[in-house]
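Welcome! Have a look at it, then work through each task before reading its solution.

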Amino acid sequence: MSYFDYESERSIIAAMLESEESLIEASATMRTEDFYEPRHQAMFDILASLYAQAIKPTYLEMLKEGHKRGTFSKPEDREYAKQTIGFHVSATQLPYWLKNVKDKARLRKMRKDFIRLAEEMKNPVVDVDKLVQDATEVIMRLTIDNAEKIESGAELVQTGKQVIEERISNKGKLQGIPTGIGKLNRLTGGWKAGDLIIVAAESGKGKTAFAQNFISIACFGSDTPTLYINSEMSRQQVILRFASMISGVNNDLIKFGEISGEQKRQIFDSLDFVEKSPFYHYHSPSLNLQKVLSAIRKMHVQKGVQLVILDYIGRLDRTDKNSKEWEEVYQIVKALKTLAGELGMAVMVLAQLNDDGTLQVAKRMKNESDIYIKLLPMSSEEQTEASQKARENGWRMNPNYWIFVEKNRDGQADVLVPALFKKEVLRVIDVANV
């Protein structure tokens, strides 16, 4: 039996040099020690490191970095690296190579552990129970991922005590990324690492504006590295909406250029917040799941992105035309939920509601989410009642929207949070100011 596969290892390196998609997939999947050949270990480590620095990994860049590290010092090693560029590869075979190299690495680890256990068996006095336990642990480590570790009650209690101590020492401090709405912060703890948040509204009822307000608070106000993915609006539309929202100048006036010199200065000053913030915008008229996942991984590695907003899920191209639409959307949501947990970031997905208030396309989306929010414009009767409540409770302004927290995995659900949506400037205001 072979415990390594030179060809698969070299094919992975060649694929990483050939395409960014392969580079992202390999960097996310492999570790340096998964490779057996030292030259492959060196090349993989260098390519992954260059990509993390947002440097396009080429043969020359790889050699330059290798020279700094003292690798590829021999002419034959440099020639081997050069020949790897022309190594015949097909992107469709990358999953096979990745699995093959991973499996070989697991075999080497298993062989090493079993050799150790075999040596222990030669001991004249063998603790059989301990030996069996060690062998069981070896198998368990190979079959159970670290993220799926089976813990004892004692380990869980220890984790709980640590978390409680941290919460006490940071009393009142928000656990996650601020939402801009006091009561929403209190209910959810903010947008937390690993959270999948679904924000749904009927068509034209403000889901994009609310999402961009969340970006304004989290990114422009709190410097949270944020990636905004959209397939509907142009780059011009996106930045002009932010200009109105931050400056407070009427969106229609900006759209038609009907602004004074003072308003222009006000707008340009407000755009400084966007320019200096860790905000990243990805616009593609033809988005699919693979593009979205690759963009998220890339920006997480290169820019440390902690919040991703996808606007909106209904616009993603289908990858399997034979599947039902709800099945396709469900798989997208499930993949994003998995990625949020894997990378330790918050992912917000915008979705559309039907006229009856149910989720368009896939009801199972709600089951996958950690937080599910509906944006509901108030009726005239509700606004009248809310105005009375505003006076009674000392709210700053009269609301015209409900932020309905229908699901909240870590807290209270089925809660209506009042807010004021000033459509003329696309701004969402926390009226209760909790």
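Keep in mind throughout that this is a predicted model.

**Exercise 1. Find which helix supplies the largest share of the lining of the second largest pocket.**

Solution. 
- Step 1: Start with the pocket itself, whose volume is about 460 Å³. It is lined by 18 residues, and those closest to its centre are R167, G172, K173, L174 and Q175.
- Step 2: The largest share, five residues, belongs to α9.

**Exercise 2. Sort the lining of the second largest pocket into nonpolar, polar and charged residues.**

Solution. 
- Step 1: Begin with the nonpolar group, which has three residues.
- Step 2: Next, count eight polar residues and seven charged ones.

**Exercise 3. Work out how K64 and E61 are placed relative to each other in their helix.**

Solution. 
- Step 1: Find helix α4, which spans residues 59–69 and holds both K64 and E61.
- Step 2: The two are three residues apart, about one turn of the helix.
- Step 3: Now turn to the side chains, which meet in a salt bridge with an N to O distance of 3.6 Å.

**Exercise 4. Decide whether R106 and D103 are buried or partly exposed.**

Solution. 
- Step 1: Locate the pair in helix α6 (residues 94–121), where about one helical turn separates R106 from D103 because they are three residues apart.
- Step 2: Their side chains form a salt bridge, at 3.6 Å from N to O.
- Step 3: R106 has a relative accessible area of 39%, so R106 is partly exposed.
- Step 4: D103, at 26% relative accessibility, is partly exposed too.

**Exercise 5. Determine which parts of the chain are linked by E406 and K366.**

Solution. 
- Step 1: Note the salt bridge between E406 and K366, with the closest N and O atoms 2.5 Å apart.
- Step 2: E406 sits in strand β7 (residues 401–408) and K366 in helix α16 (residues 365–368), so the pair, 40 residues apart, links distant parts of the chain.
- Step 3: Buried means under 20% relative accessible area. E406, at 16%, therefore counts as buried, whereas K366, at 26%, is partly exposed.

**Exercise 6. Name the residues linked with R31 in a network of salt bridges.**

Solution. 
- Step 1: Searching the whole structure gives 24 salt bridges.
- Step 2: In the network, R31 is joined with E33, D34 and K102.

Key:
Residues numbered from 1 in each chain as written. Predicted model: local features only at pLDDT ≥ 70, side-chain atom pairs only at ≥ 80, totals over all residues. Heavy atoms only, no water. 1 Å grid on protein atoms, 1.4 Å probe; cavity = no way out; pocket = protein on both sides within 12 Å on 5 of 7 lines; lining within 4 Å. Points joined across faces, edges and corners; volume = space filled by probe spheres on them. Helix = DSSP H or I, 4+ residues; strand = E, 2+ residues; numbered from the N terminus. Nonpolar A, V, L, I, M, F, W, Y, C, P; charged D, E, K, R; others polar. Salt bridge = Lys/Arg side-chain N within 4 Å of Asp/Glu carboxyl O. Buried < 20%, exposed > 50% of the residue type's maximum accessible area, 1.4 Å probe, protein only.
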